[in-house]
Amino acid sequence: MRKLRSWQQLLYQLGLAALAFFVLAPVWGLAYLAFDGGVYGWPTEFRVWPEQFTFSVFRELWARPAQTLSFLGTLRNSLIVAGGAALLSVALGAGMAYAFARFRFPGRQVGLFGLLVGALLPPVALMTPLYVLLTALQIRTTLFGLMVVYTAFAMPFCIWNMRAAFQSVPKELEESAFLDGAGAFTAFWRVTLPLALPSIAIAGLIAFLIGYSEFALGWLFVDKGDNVTLAMAVSGMLSTSNFYASRLAALAIMMSLPVVIIFMILQRSLLSGLLIGVTEE
Amino acid sequence: MTHSRRWLRLLAIVAVTVVGLSFRLRAVDRLPIDFDEDDYLLAAQRYAQDLRDGNWADIVNWDYNYEHPPLTKLAYGAAVLPWPPSEPISQVSSSAPPARSLPQPHFTISRLLSATFGTLAVLALALLDPLAAFFLAIHTWQIKYTSQIMLEPLPALTSTLMVLCYAQSRRVGGSMFREGGPRPALRNAQIFWLILSAIALGLTAASKYTYCIAGIAIVVDWLWATLTPRPPLPTGKVPSGEGEPKARGRAIVRWLAPVLAWGLLAIVVFVIADPRLWNDPVGRLVQSVAYHADYAQSLHVKQAGYPTWQPLVWLSGPVPWHPGVFVLPLDLFVSLLAVAGLRRMWRSSSQRVLVIWLFMALGFLLWWNTKWPQYILTLTVPLTVAAAHGFAERVWEPFLGWWQRVQVTGLRWTMTRQPDTRRAFAWLLPGLIALSLFTIFPLVYQGAMALTDFNAISIKDGIQGGIWRETWKGLTGQVAPARVDLFSTQPSKEVHYVGPSLLTQLFTGLGADILFFNVMWTALSVILQTTLGVGAALMLNRRGVWLTGWWRTIFIVPWAIPEFVGAVIWLRMFVPRYGWFNQALPAEIRAPPLDNINYAVGVLLLSALWYGFPFILLAATAAFKLFPPEVDDAAAIDGAAGWARFRHVTWPLLWPLLAPAIIIRAIFAFNQFYLFFVMDPPFPLLTFATLSYYLFNPSYGGLFAVSAAINIFTVVVLVGLILWFNRVSKAGEGVAYA
């Protein structure tokens, strides 16, 4: 291994710092507005630091970010739909992913490819059909309805990802479980599933993010103030006529912060989850 | 070539020419009067009068429309000469709408001449390659501009002849350019063809300047082909060191002289064929050419608002303006086949000049500010030849191979019973039910919607089963497709079956602007994100670099931020008047507003880069960990051998692991929605997903059926892109990333 000379170290650090600037500067460009508090409309002058540093907007938003709900209320809605979507798509998809990973059956190749395409349809591609479906089931305006909608988005992707995870678990482990007298499901539940857990968590996390940040479908389906999610509240602030930059910025931060923290905590397992994802069959 | 093959070829040539002629005659008959046709007919009238009176002074000195050399206009004049003069055409400003009517029969006669030139070009190309000529015969832009009274038909023909003659000269004596030369008879034939091509170049220059690009392509190809490594001088003949430079000088002269002579001949022909140059040639030529440079900066051009890549948009679809005129709107497929056939065309040494022509013309059109659609006729000929190669390579030969296999083995549909089917079924069931409900059902529903006129007015009928009812009736032939304008909201409260016309239109180029942008957007975003992501991963994974954990934590922040918020963050940076970026700049230098297309593309790409690169960074980092341990410190690409190391060791290992991540990023990019929704850039900066959302949204019109058709189209395009990428990358399935 060649050692880095100090000037090389400096170059590397400078390069990384430049990249960090590219990543963080835009974030701060929005964030300082939130701490300023008094910026109605878009700001008209350049400022790096807020004129008066204040948390008042955050406090205000904590009490009432949307029409009828507190921040915790909207957050709860978001968590219900996004978390529910994540759980549903993982739970419903796991069996299918396992089948794709372990068994040979007709249509397997086509099905896998179809999953990839289905995984990333444009959001509106599902709107009308789901509208019809959910209206027929009489759950269109409910949080459960939204949960179902986001599941529809996320599920193909989850299946695709979990399949790779299951595949990376050596078949021999299951076979030795069979020898110990375990049934097919027990072997899956006790052996394969725990080993694939990091990747499954990632799949769930992605599904969560999809549901957490979606608003276009939300606004089309939901018609009660009580069912507004955080993403819907933020997007509502952007399109409102009396635009208030500080509020928008603050709510965007309050919305992103939980996810950013989760990602940072999970960074290590994110990497290992990705690692499992890349093992070839 | 056997006897029967020769007859077959002759038959093909005749057939293709007939197709070309009949399509052009149809266009002559049906196309409405276009911009500029009145101008050129006016010129034709005056030239006819001058020819009748023998008034050469007027031909030489009349400065009307001086920006274009007069040969084509003279040809139109000669065509209408036998008919009695008509009432003069009134001159209107160039921004006025096209003339309502033009004097007959002069108008039709001139158009017929145009069509004749157009057909001759088809015939000439058919001699080289009948299939290419067929593509040229049906190319809608080619048809349009070689059946209206435009300047294009003649230079399109002469430039084709020029290059074909040149290619012929390369073919008759492939070795003539080499030292030693061919037999004298061949050499004479070769010179004959070269003289013809020089004459054609002169005529081209006298018809329209831009077509001379083909001449430049010839020069490039010629100089390249004759730039052989110098034959080693016989050692005995070089007594002193002074002989060497002299010999080299002679070699250079011998290298350049034929090309110069050829060019000189072309210039002579040009001056003879352009009567305006008979008086003050240099001054008038400069005046004429300078006009175009000014015009490219004029308000007229700016108001057209075409993006830099507009020529490629013209090539991505047929002429959008004249429904019912063009029979085979296959322009998009010709372009795609051309892309596929480029490599093969390059390998044929006598056709290499066509590749050079294609790229030079394309480069010029992309660079030049004026982007009128007729300009693409400067490259349709090499395009169609490339398309013919692409057809042979990607369609015909695979088909032949398949056919031979079928003849040997017979057509068998084997369904080997797979051992796990029954066991798999139980595991598949829950997911299958959910998927059919949430993914397959919506897709089928979209397909059905796309066949109707379902919209916000007929919503009640539609969601209560009207869509199924109408689609069923339509597909079983119980109702004929209704004729409605899908783009305006119908007053009817009932859904109607309208048939697949919208889908066929989409597949043949409706929305070519957006399709092209969407594909370009996908390619550029993915390239940028991959470059930055891999670059960052390399930096982070170089052994010995400090603080990598911290840096990585910072870099994945954009991924954790919901895309919608990310879009708002970048809007805040670049919003036209209040952007942070703008405010930071001194007042004199303000960034242009977002409705400047090229700037907006840059801003959008930057935002997408910010949002997308962490994903690639993580994927690449994960891939590095999977590298075989023998590859010591794969990320060490600094130092002299660094680039070579990356190129030959790191990248080949990385690529297969990264390809799936790239596919996923590409699909995200293709369907990018929030960014475009929030930034709201000008047309045609739009993804199909965004367009589909706008069309769907009741507050923008609620054209559900159109939206559905676009979604179906998107799915097909995406499938095509993924299949293509899979072929290229050989990534295969079996790999997935978060």
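## Surroundings of B:Asp34

Leaving aside neighbours within four places in sequence, B:Asp34 is in contact with B:Pro98 and B:Gln148; two residues are in contact if their C-beta atoms, placed from the backbone, lie within 7 Å. This is a predicted model, in which local features need pLDDT of at least 70 and side-chain atom pairs count only at pLDDT 80 or more, while totals for chains, interfaces and linings use all residues. Residues are numbered from 1 along each chain as its sequence is written, and chains are lettered from A and ligands numbered from 1 in the order in which they are written.

B:Asp34 sits in the loop between H1 and helix H2 (37-53) of chain B; helices (H or I, at least four residues) are DSSP runs, numbered from the N terminus. B:Asp34 counts as partly exposed because it has 17 C-beta neighbours inside 10 Å. By that count, 20 or more other C-beta atoms within 10 Å make a residue buried, 12 or fewer make it exposed, and partly exposed is in between. The C-alpha atoms of B:Asp34 and B:Pro97 are 8.4 Å apart, although the two residues are 63 apart in sequence.

## H1 and H5 of chain B

In chain B, helix H1 (residues 3-30) packs against helix H5 (residues 106-128) at an angle of about 155 degrees, with axes 9 Å apart. H1(B) is therefore roughly antiparallel to H5(B). Axes are lines fitted to C-alpha atoms over the stretch in contact, and angles run from 0 to 180 degrees between N-to-C directions. Angles under 35 degrees count as roughly parallel, over 145 as roughly antiparallel, 65 to 115 as roughly perpendicular and the rest as oblique.

On the H1(B) side, the residues that meet H5(B) include B:Ile13, B:Gly20 and B:Arg24. Those of H5(B) include B:Arg111, B:Gly118 and B:Leu127. The contact residues divide into 11 nonpolar, 5 polar and 2 charged. Here Ala, Val, Leu, Ile, Met, Phe, Trp, Tyr, Cys and Pro count as nonpolar, Asp, Glu, Lys and Arg as charged, and the others, Gly among them, as polar.

## H1 and H11 of chain A

Helix H1 (residues 6-36) and helix H11 (residues 245-265) of chain A pack at about 115 degrees, with their axes 7 Å apart. H1(A) and H11(A) are therefore roughly perpendicular to each other. From H1(A), the contact takes in A:Leu30, A:Ala31, A:Leu33, A:Ala34 and A:Asp36. The residues of this contact comprise 9 nonpolar, 1 polar and 1 charged.

## Interface of chains A and B

Between the chains, 89 residues of chain B are in contact with 91 residues of chain A. Helix H18 (residues 421-449) of chain B gives the largest share of the chain B side, 17 residues. That side divides into 63 nonpolar, 15 polar and 11 charged residues.

Key: Helix = DSSP H or I, 4+ residues; strand = E, 2+ residues; numbered from the N terminus.
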